[in-house]
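Take a walk through this fold.

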Amino acid sequence: MKLMFISDIHGSLFWLERALEQVAEEQPDCLVILGDFLYHGPRNPLPDGYDPQGVASRLNDYNANHRTIVAVRGNCDAEVDQMLLQFPMMGDYVLILHEGRRIYATHGHGFSMEHLPQLSEKDIFIQGHTHVPVAEVKEGIFVLNPGSISLPKENNPNSYAVLQNGEFIVKDFAGNTIRNITF
């Protein structure tokens with residue numbers, strides 16, 4: 001099973017469309033969205049193509065046709081956002097069983113790489129929130145971050161990630177590998 005992770009859309013229809021082009025190319029079985037869907041947040045600039053209603057409409061159309069979105073709430077998401085989105089996204093985390101491993105997926109403003117939930121060795125913790133790609137091991141736990149599709153930080157490119165066959169790969173939108181780790 002192939003999973004694709006995106007995070008921190010922040011209302012950018014331009015970057016969501018780019019990400020969905022990558023979804024069409026990657027053909028994941030499931031698209032996991034790690035929060036911060038519609039609002040750019042008070043600490044962020046307006047991203048390219050800022051259109052929160054367009055983002056909601058596009059995600060709803062995608063989900064209606066594919067029904068493969070798994071999502072969690074980010075720190076910039078609110079109940080009013082859930083009113084626009086036709087798939088659940090208000091949970092603080094979701095547990096995914098993948099290739100014999102437990103994946104704890106969250107936005108990262110509660111539990112984070114610096115404050116891990118109780119996990120077992122070789123489990124996977126994945127978050128968004130920092131807008132910085134990560135693929136490493138901490139205390140026997142694989143800690144991952146796909147970066148941000150719309151507002152990358154620390155001179156990183158706009159990015160997403162895929163997980164398949166025991167490998168997590170963060171890619172830019174040109175298909176270049178930014179980070180990767182094998183389990």
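Buried means under 20% relative accessible area, exposed means over 50%, and partly exposed lies in between (1.4 Å probe, protein chains only). Phenylalanine 87 is buried, at 4%. Phenylalanine 37 is buried too, at 0%.

This is a predicted model: local features need pLDDT of at least 70, side-chain atom pairs count only at pLDDT 80 or more, and totals for chains, interfaces and linings use all residues. Residues are numbered from 1 along each chain as its sequence is written, and side-chain values use heavy atoms, without hydrogens and water.

Now the sheet. Helices (H or I, at least four residues) and strands (E, at least two) are DSSP runs, numbered from the N terminus. Two strands pair if DSSP finds at least two bridges between them. Six strands make an open, mixed sheet in the order 3-2-1-9-10-11. Strand 3 (69–71) and strand 11 (177–182) each have a single partner strand, so one side of each lacks a neighbour in the sheet. Strand 10 (residues 167–172) pairs with strand 11 in the antiparallel sense over five bridges. Glutamate 167 stands opposite threonine 182 in strand 11.

Next, the rings. Rings of Phe, Tyr and Trp (its six-membered ring) pair if their centres lie within 6.5 Å; planes under 30 degrees apart are stacked, over 60 edge-to-face, the rest tilted. This rule gives nine aromatic pairs. Phenylalanine 14 and tryptophan 15 are edge-to-face, 5.0 Å centre to centre with 90° between the planes. Tryptophan 15 is buried at 11%, whereas phenylalanine 14 is partly exposed at 40%. Phe14, Trp15, Tyr160 and Phe173 form one aromatic cluster.
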